[in-house]
Amino acid sequence: MIIFVHYLKIKIDFIMANSSFLKSSIAKKVAMALSGLFLISFLSLHFFINFTSIFSEELFNMMSHFMGYNPIIQFVMQPILVAGVIFHFVMGMVLELKNRSSRPVSYANYNGAANSSWVSRNMIVSGLVVLAFLGLHFYDFWVHEITYKYVNVNEINPTRYYEELNHKFESPIRTGLYSLAFVLLSMHLWHGFNSSFQSVGFNNKYSKALHKFGYAFAIIVPFGFIVIALFHHFNHI
């Protein structure tokens, strides 16, 4: 991952040196690939913390409390991560719409299903669903935190987080929608990793290993979130 980030930095430096290149679709794809790292960071951090709730209520409460009251995380890192995630999805929709509008009329008879996967043809659909889910996630957890700490000004309680998380998955409907959103996220990431590597022209001795890492991430992390949701849901039964 460090090698890939360094490679992307070189690409961005080259783009900045060519102002005309900045306006090209390739530059936009490179920017989108780089912003995708924000999504990976966001998912990795949240997965690691939430996964601890399965085997240690105390550890989950401790880590959640640290994240919730650390000013650097709350007012510096979190806004940057959120901005990066939003930029990634917005840029993806812009590129997808641009690609569709630039296709020749003869593409009307093109049978896409015979030459590409459903995910690759519907990245904008899965992207919108995932973005809507992230919006709900922020509403559920981030807005709740802001209300708890700054609106209601409640007393600091470092042991409240596990119970709040557990309560979120009491409803089978919410748990089902949550799980479905992560299935779509898995499909989105599976195609996104591959297209990102192609967009930046990453093809060397490390590319095969990074492709494997990308595919493993696209499966393990989203389905890990589903396991967390199901674990807390069945805790109520």
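**Note on cavity, pocket and salt-bridge network**

1. By class, the residues lining the largest cavity are seven nonpolar, two polar and none charged, where Ala, Val, Leu, Ile, Met, Phe, Trp, Tyr, Cys and Pro count as nonpolar, Asp, Glu, Lys and Arg as charged, and the others, Gly among them, as polar. This is a predicted model, in which local features need pLDDT of at least 70 and side-chain atom pairs count only at pLDDT 80 or more, while totals for chains, interfaces and linings use all residues. Residues are numbered from 1 along each chain as its sequence is written, and side-chain values use heavy atoms, with hydrogens and water left out.

2. The search of the whole structure returns one cavity of 30 Å³ or more, and the volume of the largest cavity is about 60 Å³. On a 1 Å grid over the protein atoms alone, a cavity is a set of points where a 1.4 Å probe fits but cannot get out, a pocket is an open set with protein on both sides within 12 Å along at least five of seven lines, and lining residues have an atom within 4 Å of a point. Grid points are joined across faces, edges and corners, and a volume is the space filled by probe spheres set on the points.

3. The lining of the largest cavity consists of Phe42, Leu43, His46, Phe133, Leu134, His137, Tyr178, Phe182 and Phe225. At least two of its residues come from each of helix H3 (25–55), helix H7 (123–151) and helix H9 (172–199).

4. The second largest pocket has a volume of about 610 Å³. It is lined by 28 residues, of which His46, Met67, Gln78, Phe141 and Glu145 are the closest to its centre. Two or more lining residues are supplied by each of H3, helix H4 (57–69), helix H5 (71–101), H7 and H8, and H7 gives the most, with seven. By class, this lining divides into 17 nonpolar, eight polar and three charged residues.

5. Three salt bridges are found in the whole structure, a salt bridge being a side-chain nitrogen of Lys or Arg within 4 Å of a carboxyl oxygen of Asp or Glu. Glutamate 145 pairs with lysine 149 at 3.7 Å, N to O; both residues lie in helix H7, four residues apart, about one turn of the helix, and both are buried. Buried means under 20% relative accessible area, exposed over 50%, and partly exposed in between, with a 1.4 Å probe and protein chains only.

6. Glutamate 145 also forms a salt bridge with arginine 160, at 2.8 Å, N to O. Because glutamate 145 belongs to helix H7 and arginine 160 to the loop between H7 and H8, this pair ties together parts that are 15 residues apart in sequence. Glutamate 145 is buried at a relative accessible area of 13%, and arginine 160 is likewise buried, at 6%.

7. Arginine 160 meets glutamate 164 in a further salt bridge, with the closest N and O atoms 3.0 Å apart, although glutamate 164 is partly exposed, with a relative accessible area of 22%. Through shared partners, the salt bridges join Glu145, Lys149, Arg160 and Glu164 into one network.

8. Helix H8 (residues 161–168) has Tyr161, Tyr162, Leu165 and Asn166 as its buried residues. They lie on the same side of H8 because they cover an arc of only 130° around the axis, the arc being that of the directions from the helix axis to the C-beta atoms. The face turned away from this buried side carries the exposed residues Glu163 and His167.

9. Threonine 52, in helix H3, is buried with a relative accessible area of 3%. Leaving aside residues up to four places away in sequence, threonine 52 touches Leu59, Phe60 and Met63, where contact means heavy atoms within 4.5 Å.

10. As overall context, the protein chain has 10 helices and zero strands, helices (H or I, at least four residues) and strands (E, at least two) being DSSP runs numbered from the N terminus. Buried residues make up 39% of its 237 residues. Of the contacts with a separation of 6 or more, 78% involve residues 24 or more positions apart.
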